[in-house]
Amino acid sequence: MSTDNTSTLKSYVDSATGAVQNAVGSLIGSNGDQIEGQAKKDKAQAEYDASHATAKLPGFTASSSGAITKDHPDRNAGSYNQTAGAAKEFVGGVLGNESLKQSGREQNLQGQEQEAKGQINDYVSGAADRAAGTLGSGLAGLTGDRVKQAEYQNQHDTGKTQQRGAEHDIVKQAEAKQ
């Protein structure tokens, strides 16, 4: 579990604070405020980057918080079906076998749908765990239950990692289609 607790929302707030301080410094002619404001904006960018830092491995995602999540089984099976379908389609095209080519095309499309279902499942499940972890951690903090607060923070971190892994793959696929 991370003790840093980087967050996208915190990075936005810090960036806005830095921008305001920089602008005020500019208006009143205070180089110190301008420099301090820019430093806050730079720190906010680092927080944002850390909040989104993930390592996507086949079947798994690891994040800067230390959480590791396994991809939904449909993501891996869908990816396999896409690869197998594309191979069938290619071999069918080379051999002039329209039936094999069509079968490969269908398997590829089914694999794309299957992988998308797994990505959606991981994204939604991750978002739910993030929300529940955030709420639970806040409530446990109010009651002073540090053990429960740590458990909920772990749930948040795991959900965030799962969500970021799905986002990574979705963005990668969208970029490949461009």
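1. The hairpin of E2 and E3 has four residues between its strands, and Gly66 in that turn takes a positive phi of about 100 degrees. Helices (H or I, at least four residues) and strands (E, at least two) are DSSP runs here, numbered from the N terminus. This is a predicted model, in which local features need pLDDT of at least 70 and side-chain atom pairs count only at pLDDT 80 or more, while totals for chains, interfaces and linings use all residues. Residues are numbered from 1 along each chain as its sequence is written, and side-chain values use heavy atoms, with hydrogens and water left out.

2. E2 and E3 run antiparallel and are joined by three bridges; two strands pair if DSSP finds at least two bridges between them. Within this pairing, Thr61 has Thr69 of E3 as its bridge partner.

3. On the other hairpin, that of E1 and E2, two residues lie between the strands, and Gly59 has a positive phi near 85 degrees. E1 and strand E2 (residues 60-63) are antiparallel, with four bridges between them. Leu57 faces Phe60 in E2 across this pairing, and Lys56 stands opposite Thr61.

4. Put together, the three strands make an open sheet with antiparallel pairing, in the order E1-E2-E3. Strand E1 (54-57) and strand E3 (68-70) are its edges, each pairing on one side only. From one strand to the next the twist averages 15 degrees.

5. Now to the helices. The axes of helix H3 (residues 73-95) and helix H4 (residues 98-143) come within 7 Å and cross at roughly 165 degrees, so H3 is roughly antiparallel to H4. Axes are lines fitted to C-alpha atoms, for helices over the stretch in contact, and angles run from 0 to 180 degrees between N-to-C directions. Angles under 35 degrees count as roughly parallel, over 145 as roughly antiparallel, 65 to 115 as roughly perpendicular and the rest as oblique.

6. The crossing of H3 with H4 is left-handed, meaning that the near helix is turned anticlockwise from the far one by less than a right angle (clockwise would be right-handed). Their contact has five nonpolar, 16 polar and nine charged residues. In this count Ala, Val, Leu, Ile, Met, Phe, Trp, Tyr, Cys and Pro are nonpolar, Asp, Glu, Lys and Arg charged, and the others, Gly among them, polar.

7. H4 also packs with helix H5 (residues 146-177), at an angle of about 155 degrees and with the axes 7 Å apart. H4 and H5 are therefore roughly antiparallel to each other. H4 passes H5 in a left-handed crossing, and the contact residues divide into seven nonpolar, 16 polar and ten charged.

8. For the overall picture, the protein has five helices and three strands, following the pattern α-α-β-β-β-α-α-α along the sequence. Of its 178 residues, 30% are buried.

Conventions. Buried < 20%, exposed > 50% of the residue type's maximum accessible area, 1.4 Å probe, protein only.
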